[in-house]
Amino acid sequence: MDAFQKEIDERTNLTSSNKFELLLFRLGSPAGDSSGELFGINVFKIREIVPMVPITTAAGTKSPMLGMVNIRGQVISVIDLPAVTGCRPKTGLNILLITEYARNTQAFAVESVEEIVRLDWSQVLSAEASAGGDLVTSIARLDADVDGSRLVQVLDVEQILEMTAPAKPTLDRGHNDTLRDLIKPGSIVLAADDSKVARAMIEDGLSTLGVPYFMTKSGKEAWEKLQSLAAEAQREGKQIGDKVALMLTDLEMPEMDGFTLTRNIKSDQRYKNIPVVIHSSLSGSANEDHVRSVGANGYVAKFAIDELAATLKKTLLH
């Protein structure tokens, strides 16, 4: 366990090369008679890994919520991840993954932890393009393009948290008129997120704000759309700023992550003046430092619609 924790603490500086690290774990199988398939979660989201500790079950607690644990003085909700995915652990729930999403801390109970692997985002495919389930955001090929490569299901944690503890976004309607005035007629917010539930919430938020947008499912798709819009602007004798007012991007995405997308934009003379706002569930000071290091103009944690509106306004004003 100490070795895993050391790797988590030391191996987080991969954002300059479109790489990331995936913690692999098992949840059991539908019948509970085998170790089942491999699942994964980005190491950036793991605060620590601990052996199972006593869980306090509050009155009215229903599956997949297990209750609460006390980890060094912090009370943390525990989610039964096998129950969420329809698996039954063969040896029980033995490990807690303490995670931080959107400035909230929660624990996922799993059967076992396998290893940490370093991958390029090009080894990760959208689950929507590869018949993945609703709870899977992407499929990682551990052995790159080798035939018979081991596959890992990367869970859509945004979807899981929305199922277990739905967000209740609130919005100050005073943002609407200001944002509309700051966006040049004919231009859009170009957005990218690989999570289906995240895209739905972003689309709902931008629509509520009255902001025109175009939604993409990955950094690669957003980059290609940006290039297409740039070519369109050139044919019309316009600037890219006449087409794209701002880029709003997640960080964790298949094929090209948000760090790489931001660097591509900021290092290209054609696009460098386009403001980039990171909208991510990866929170914590270390990750927010990474965001600043690649030249993003703003950062906002999911899914705080008021904070998103304020960040978009501040960014567009500058």
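Start in the middle: select Leu 23, Phe 25, Ile 41, Leu 81, Leu 97, Phe 108 and Val 110, the residues with the most contacts inside the largest nonpolar core, which has 27 residues. A nonpolar core here is a set of buried Ala, Val, Leu, Ile, Met, Phe, Trp, Tyr and Cys residues joined through side-chain atoms within 4.5 Å. Buried means under 20% relative accessible area, exposed over 50%, and partly exposed in between (1.4 Å probe, protein chains only). In soluble globular proteins, nonpolar side chains tend to be buried together.

Before you click on, keep in mind that this is a predicted model: local features need pLDDT of at least 70, side-chain atom pairs count only at pLDDT 80 or more, and totals for chains, interfaces and linings use all residues. Residues are numbered from 1 along each chain as its sequence is written, and side-chain values use heavy atoms, with hydrogens and water left out.

Now pick Phe 25 by itself. Leaving aside neighbours within four places in sequence, its contacts (heavy atoms within 4.5 Å) include Leu 38, Ile 41, Leu 81, Leu 97, Val 110 and Leu 155. Apart from the core of 27 residues lies another core, of 26 residues; Leu 190, Ala 192, Leu 251 and Leu 261 are among them.

Zoom out for a moment and colour by secondary structure. The chain has 318 residues, and 53% of them count as buried. Among contacts with a separation of 6 or more, 63% join residues 24 or more positions apart.

Next stop: Leu 96, in strand S6 (residues 95-101). Buried or exposed? Leu 96 counts as buried, at 0% relative accessibility. Show its surroundings and, beyond the neighbours within four places in sequence, you will find contacts including Ile 49, Val 50, Met 52, Val 69, Val 78 and Phe 108. Draw a distance from Leu 96 to Val 78: they are 18 residues apart along the chain, with C-alpha atoms separated by 8.2 Å.

Then go to Gln 159 in helix H3 (residues 157-164). Gln 159 also counts as buried, because its relative accessibility is 18%. Setting aside neighbours within four places in sequence, Gln 159 touches Asp 134, Leu 135 and Val 197.

Now for a helix pair. Select H6 (residues 219-235) and H7 (residues 258-266): their axes come within 9 Å and cross at roughly 20°. Axes are lines fitted to C-alpha atoms, for helices over the stretch in contact, and angles run from 0 to 180 degrees between N-to-C directions. So H6 is roughly parallel to H7, a label for angles under 35 degrees. Show side chains to see the contact: Gly 219, Ala 222, Trp 223 and Leu 226 come from H6, while Leu 261, Asn 264 and Ile 265 come from H7.

- Pro 64, in the loop between strand S3 (46-51) and strand S4 (65-71): the peptide bond from Ser 63 is cis, with omega near 10°.
- Arg 72, in the loop between S4 and strand S5 (74-80): a residue other than glycine with a positive phi, near 50°. Arg 72 counts as exposed at 67% relative accessibility.
- Glu 255, in the loop between strand S14 (244-249) and H7: phi is positive here too, near 75°. Glu 255 is partly exposed, with a relative accessible area of 34%.

Terms used: Helix = DSSP H or I, 4+ residues; strand = E, 2+ residues; numbered from the N terminus. Parallel < 35°, antiparallel > 145°, perpendicular 65-115°, else oblique.
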